Amino acid sequence: MMKPDIQIAQEAKMLPIGEVAAQLGLKETEIEPYGHYKAKLMPEAEQRLADKPEGKLILVTAISPTPAGEGKTTMTIGLGDALRRIGKRTAIALREPSLGPVFGLKGGAAGGGYAQVVPMEDINLHFTGDFHAITSANNLLSAMLDNHLQQGNALRIDPKKVVHARCLDVNDRVLRDITVGLGESKNGVTRQEKFMITVATEIMAILCLASSLEDLKERLGNMLVAYTYDGEPVYCKQLNAAGAMTVLLKDAIKPNLVQTLENTPCLVHGGPFANIAHGCNSLIATRTARKLADYTVTEAGFGADLGAEKFLDIKCRAAGFHPDAVVLVATARALKYNGGVPKDRTAEENLEALSKGIENLGAHIDNLKGFGLPLAVVINHFYADTEAELALIRDYCAKKGVKAIVSKAFAEGGQGSVELAEEVVRLCEQPADFKHTYPSEASIAEKIEAVATKIYHAAGVDYTPAAKKSIAAIEGLGYGNLPVCIAKTQYSLSDDPKKLGAPSGYRLTVREVRVSAGAGFVVVLTGEVLTMPGLPVHPAAEKIDVEDGKVIGLF
């Protein structure tokens with residue numbers, strides 16, 4: 001019986017963060033320690049490395065997950081540790097966990113078993129305060145906007161057309177639709193308001209796509225926050241809020257340096273959800289890691305239809321790079337779930353359900369091949385997996401022209417992913433013919449339809465009248481050249497979480513479209529995806545506590 005994740009993490013022998021930084025050639029003056037085992041990277045580091053060639057980039061993504069998640073972060077960390085074990089100078093670049101899942105259903109995002117980043121409790125909780133800074137900056141803008149309404153409303157903002165929302169990094173469904181400004185007139189203008197979870201906000205996306213502090217400030221100023229009574233757009237810079245917001249974010253934009261259980265350097269920075277945002281860690285962290293290491297392993301959230309598509313179509317477009325190889329994570333239990341097996345029975349051998357659900361893996365393989373990148377499949381090994389199941393997955397992948405490798409990183413750390421590391425090194429030397437899902441000059445509707453048909457396997461797209469009107473308005477404002485960020489359920493390739501496996505021939509319904517002008521993409525909402533999740537019947541928070549100064553119950 002393996003120890004709980006938190007016990008493994010608390011027993012880890014961490015190196016002082018200065019020694020971890022030294023592995024990457026960072027100078028003592030180029031990091032800002034946050035205690036013994038965490039540090040911020042100073043802008044001077046990136047400036048010194050500006051002309052240095054970039055190392056290889058490996059993107060780790062996954063099949064459609066079950067509600068429990070399938071260990072994509074664990075596989076990312078295990079691969080990074082394994083690359084270092086075979087003598088490669090390696091860095092890992094991950095997103096920061098949100099408190100929503102930590103206290104809710106899914107849990108944290110610092111890996112698991114013997115493939116974790118540490119200090120695990122810090123990373124999963126307050127860490128270096130980045131998310132709190134984003135929350136504060138976001139809500140400062142809301143406060144300044146409402147104050148403008150109260151103090152005469154010189155910009156003639158229509159209170160019914162405020163599009164910027166407040167945020168909180170906790171799942172709290174009662175804040176989805178509220179009324180503010182109730183009571184006496186001195187309490188402000190009464191209007192409808194809503195909260196989003198912090199990781200779904202435009203400011204989170206901006207932080208993760210900004211190339212510098214100056215670029216961050218400009219993007220913040222370009223946020224569209226409301227419309228006037230005449231239907232004219234109102235931007236953050238018109239409220240004179242961008243400067244103060246940038247001050248709140250001046251430290252949050254610096255990447256965080258930590259380490260794995262095996263002391264491999266890891267940059268953990270930014271954390272947009274992939275089902276409601278763009279699902280990638282910060283551009284600055286990825287770019288800096290590539291300058292510091294010969295191999296950088298990064299991940300994109302949820303399935304490849306979400307995180308990987310957005311990484312490749314949004315982040316890579318903004319950054320001007322692309323991965324040298326892609327690793328697609330699959331598990332036998334998730335494929336059986338996609339084949340119709342209830343979650344509580346996925347540990348049982350069921351080759352019939354596996355054969356049915358494996359079409360989900362096939363769809364993701366086909367999608368990723370469409371981007372023109374070298375690809376491998378990694379099977380995240382669970383104790384209940386049988387040899388017959390693993391052989392079925394390997395054979396299926398071989399027929400697809402892709403090698404499938406079993407990883408036991410959860411139980412064995414980097415040693416359990418050495419074979420995968422060797423395959424990734426080989427793939428990184430293969431030629432890539434990278435291409436986006438759609439060209440920048442395509443219309444918004446054409447971009448949505450390209451993702452829907454090529455990635456989601458839909459027959460076409462239907463738009464609500466409101467969505468059609470919004471698209472026309474957004475293109476009228478000059479934002480038609482932006483990429484699209486589609487908010488969709490993570491549990492299905494379609495917009496219906498109940499359609500498991502590899503659904504096709506259905507029609508995707510777009511219910512709302514809005515522009516994130518500062519982030520630089522158009523947000524497209526489908527299905528019943530909520531930007532403020534709720535807690536389950538028994539949230540993980542019920543089991544989390546502290547005893548003798550140590551956190552317990554955190555996975």
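**Strands, helices and salt bridges in a predicted model**

In the hairpin formed by β5 and β6, two residues lie between the strands, and Gly 113 has a positive phi near 60°. The model is a predicted one, in which local features need pLDDT of at least 70 and side-chain atom pairs count only at pLDDT 80 or more, while totals for chains, interfaces and linings use all residues. Residues are numbered from 1 along each chain as its sequence is written, and side-chain values use heavy atoms, with hydrogens and water left out. Helices (H or I, at least four residues) and strands (E, at least two) are DSSP runs numbered from the N terminus; two strands pair if DSSP finds at least two bridges between them.

Strand β5 (residues 111-112) is joined to β6 by two bridges, and the two run antiparallel. Gly 112 stands opposite Ala 115 in β6. Strand β6 also has two bridges to β14, again antiparallel, with Val 117 opposite Thr 260 of β14. In a regular strand the side chains alternate between the two faces of the sheet. In β6 (residues 115-118) both faces are covered: Ala 115 and Val 117 on one side, and Gln 116 and Val 118 on the other, are all buried. Buried here means under 20% relative accessible area, exposed means over 50%, and partly exposed is in between (1.4 Å probe, protein chains only).

Strands of a sheet pair through backbone hydrogen bonds, either parallel or antiparallel. β20 and β22 (residues 507-516) run parallel and are joined by four bridges. Gly 460 stands opposite Arg 507 in β22, and Val 461 has Leu 508 as its bridge partner in that strand.

The pairing of β22 with β23 is antiparallel and has six bridges; Val 515 stands opposite Val 522 in β23. These two strands form a hairpin with four residues between them, and Gly 520 in the turn has a positive phi of about 95°.

Nine of the 10 residues of helix α11 (residues 283-292) are buried, so α11 is largely enclosed by the rest of the structure. Among the buried residues are Arg 290 and Lys 291.

The structure holds 28 salt bridges, each a side-chain nitrogen of Lys or Arg within 4 Å of a carboxyl oxygen of Asp or Glu. One of them pairs Glu 32 with Lys 254, the closest N and O atoms being 3.2 Å apart. This pair links distant parts of the chain, 222 residues apart: Glu 32 is in strand β1 (residues 31-33), and Lys 254 is in the loop between α10 (242-249) and β14 (256-260). Glu 32 counts as partly exposed because its relative accessibility is 28%, whereas Lys 254, at 12%, is buried.

Another salt bridge joins Arg 85 to Glu 262, with the closest N and O atoms 3.1 Å apart. Here too the pair links distant parts of the chain, from Arg 85 in helix α4 (residues 72-85) to Glu 262 in the loop between β14 and β15 (265-268), 177 residues apart. Arg 85 has 44% relative accessibility and so counts as partly exposed.

Glu 423 is buried at 7% relative accessible area, while Arg 426 is partly exposed at 43% relative accessibility. Elsewhere, salt bridges that share partners join Glu 32, Lys 250, Asp 251 and Lys 254 into one network.
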